[in-house]
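Student: Hi! Could you walk me through this one? I'd like to ask things as they occur to me.

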Amino acid sequence: MDHPEHSTWVIAIGNQKGGVAKTTNTAHIAAALGRLGRKVLVWDLDVNYGLTSHFGIPPMAYSGTFHVLTGEREPEDIILTHEDPDIELPNGVHLIPSSRDLEKLDAVLSTNDLFFNQEILLSLLRGYRIKGRA
Ligand SMILES: Nc1ncnc2c1ncn2[C@@H]1O[C@H](COP(=O)(O)OP(=O)(O)O)[C@@H](O)[C@H]1O
Ligand SMILES: [Mg+2]
């Protein structure tokens with residue numbers, strides 16, 4: 001039986017305006033939920049990779065959003081956790097990092113007659129459970 005405490009919530013934080021604390025709030029909400037014992041997956045969809053930088057991750061060092069959205073990699077294979085060497089994420093927080101590669105996304109998808117929409121995001125994560133979660 002579903003129990004609210006064990007359900008998965010999706011929280012999207014977005015605004016076209018820059019400098020309004022999207023990245024800062026995302027990082028703090030994720031860290032706070034992690035401290036409360038929740039497992040949190042943060043997905044950086046920003047071409048300017050603000051959240052990736054916020055957590056001290058070099059943007060080109062790892063496969064991330066671009067590779068997942070183009071189908072080159074599966075999310076569960078590239079998600080970073082605090083257990084990975086050289087990664088310092090808050091407890092319970094997992095990250096799909098972003099990079100400048102995302103600038104090429106429209107061009108790559110359109111050559112395959114695809115376009116980016118929220119269904120792509122949801123289908124990638126449907127049925128997915130962060131490793132370690134029961
Ligand atoms: N509550 C706050 N008080 C003071 N400065 C803040 C606060 N929240 C965010 N900032 C600062 O505002 C700037 C923009 O925040 P950021 O989260 O990068 O915005 P966005 O992601 O919307 O572009 C950053 O320098 C950040 O440190
Ligand atoms: Mg930002």
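**Working through the chain**

Student: Where is T8 found?

Tutor: T8 sits in the segment before α1. Helices here are DSSP runs of H or I with at least four residues, strands are E runs of at least two, and both are numbered from the N terminus. Before we go on, this is a predicted model, in which local features need pLDDT of at least 70 and side-chain atom pairs count only at pLDDT 80 or more, while totals for chains, interfaces and linings use all residues. Residues are numbered from 1 along each chain as its sequence is written, and chains are lettered from A and ligands numbered from 1 in the order in which they are written.

Student: Thanks! Is T8 buried or exposed?

Tutor: T8 counts as exposed because it has 12 other C-beta atoms within 10 Å. The cut-offs are 20 or more other C-beta atoms within 10 Å for buried, 12 or fewer for exposed, and partly exposed in between, with C-beta atoms placed from the backbone. In space, the C-alpha atom of T8 is 9.4 Å from that of K39, although 31 residues separate the two in sequence.

Student: OK, zooming out. How many helices and strands are there in the chain?

Tutor: The chain has six helices and two strands, following the pattern α-β-α-α-α-β-α-α along the sequence. Of its 134 residues, 23% are buried.

Student: How do β1 and β2 run?

Tutor: They run parallel, with four bridges joining β1 (residues 40-43) to β2. Two strands pair if DSSP finds at least two bridges between them. Within this pairing, V40 stands opposite V93 in β2.

Student: And which residues cover the faces of β2?

Tutor: In β2 (residues 93-96), V93 and L95 lie on one side and H94 and I96 on the other, and all four are buried. As background, side chains in a regular strand alternate between the two faces of the sheet.

Student: Which residues have the most contacts inside the largest nonpolar core?

Tutor: Those are V42, F55, V93 and L95, in a core of 18 residues. At least two residues of this core come from each of α1, β1, α3 (65-69) and β2. A nonpolar core means a set of buried Ala, Val, Leu, Ile, Met, Phe, Trp, Tyr and Cys residues joined through C-beta atoms within 7 Å.

Student: What does V42 touch?

Tutor: Leaving out residues up to four places away in sequence, V42 touches T26, A30, L51, V93 and L95. A contact here means C-beta atoms, placed from the backbone, within 7 Å. Across the chain, 61% of the contacts with a separation of 6 or more are between residues 24 or more positions apart.

Student: Switching to the ligand. Which residues surround ligand 1?

Tutor: Ligand 1 is surrounded by G18, G19, V20, A21, K22, T23, T24 and G50, where near means a C-beta atom, placed from the backbone, within 6 Å. Helix α1 (residues 22-35) gives the largest share of that shell, three residues.

Student: What is the shell like by class?

Tutor: It has two nonpolar, five polar and one charged residues. In this scheme Ala, Val, Leu, Ile, Met, Phe, Trp, Tyr, Cys and Pro are nonpolar, Asp, Glu, Lys and Arg are charged, and the others, Gly among them, are polar.

Student: Last one: what is I78 in contact with?

Tutor: I78, in helix α4, is in contact with Y62, S63, G64, H67, V68, R73 and I96, leaving aside neighbours within four places in sequence. I78 and Y62 are 16 residues apart along the chain, with their C-alpha atoms separated by 7.6 Å. I78 is partly exposed because it has 17 other C-beta atoms within 10 Å.

Conventions: Contact = placed C-beta atoms within 7 Å.
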